[in-house]
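Hello,

Here is the structure I promised to pass on.

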Amino acid sequence: MSVEVLAARQIAKKVGSQRFRRRVGCGCLVAVGLPLMCVGLVLIGIVGGAQMVLGGFDEAEGLASASPTAGAGGTITADVSYDPDGSTFVDRGGSANAWGGYANGVIPTSELCALSMAPSLRARCDAAQALDRMSAAYAAQFGEPIKVTDAYRDFAGQQSAKASWCARGKCNMAATPGTSNHGWALAFDLGEGINSYDTAPYAWMKNHGSEFGFFHPTWAEPGHKDYAKSEPWHWQYLPDADPSKP
Ligand SMILES: [Zn+2]
């Protein structure tokens, strides 16, 4: 059985965020168990997302087919399906993650905020604030804040990342410049154990990330067959799924 089918089943079993319910107008999710209509809606979304992944991802953290053009501003909406436990979401990548009319990697500094735990790194301000809230909860458990190793990556930064990986003979570990998920200022690479599967910090993220709007893309899950690089450290902020937002 394919990873996508397994993922679809897993997510179909779990999908149920308030906002997702509202978005698809699927009030029946309130009922105990998932009525068939809801399962159908969810599966349509998951299969669509999986196809995007199959057809699009051939570079780490980016869509080769994505054009670095502006998208409708502000949100990730019907383009993502996520599971409220935070295990995964299907990332359609590319302009599906665009906001504010900006192109990938060319977001004005005025739209970004420095991260409190890593002031040299920046992200969209609501994402940085959500990260602070999550890091505080994480620190209550582990005694130290979440370590962030990368956040917003501008176009020049994407070019250097590509060059750096290529110099090590691993070109496929970096996205084609202009297509990186990090170019939208909503993606983070996390350390301190989160960067490894089967650790308590990683498990904490799986259990609690969604409480702050952070999700792990299916393409970064271990052993994703169509995307050879598993990336436990890579997490993305979905503004529409942040429970603290109205
Ligand atoms: Zn990343």
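**What I found**

Of the 246 residues in the protein chain, 44% count as buried, where buried asks for 20 or more other C-beta atoms within 10 Å of a residue's own, exposed for 12 or fewer, and partly exposed lies in between, with C-beta atoms placed from the backbone. Please keep in mind that this is a predicted model: local features need pLDDT of at least 70 and side-chain atom pairs count only at pLDDT 80 or more, while totals for chains, interfaces and linings use all residues. Residues are numbered from 1 along each chain as its sequence is written.

The protein chain has six helices and eight strands, taken as DSSP runs (H or I of at least four residues for helices, E of at least two for strands) and numbered from the N terminus. Along the sequence their pattern reads α-α-α-β-β-β-β-α-β-α-β-α-β-β. Among contacts with a separation of 6 or more, 73% link residues 24 or more positions apart; a contact is two C-beta atoms, placed from the backbone, within 7 Å.

Two alanines are worth a look. Setting aside neighbours within four places in sequence, Ala127 is in contact with Ala185, Leu186 and Tyr237. Ala130 belongs to helix α4 and is buried because 24 other C-beta atoms lie within 10 Å.

Tyr237 brings us to β8. From this strand His234 and Gln236 point one way, Trp235 and Tyr237 the other, and all are buried. In a regular strand, side chains alternate between the two faces of the sheet. Strands β6 and β8 run antiparallel and are joined by three bridges (pairing takes at least two DSSP bridges), with Asp189 opposite His234. Two bridges join β7 to β8, also antiparallel, and here Phe215 stands opposite Gln236.

Best wishes
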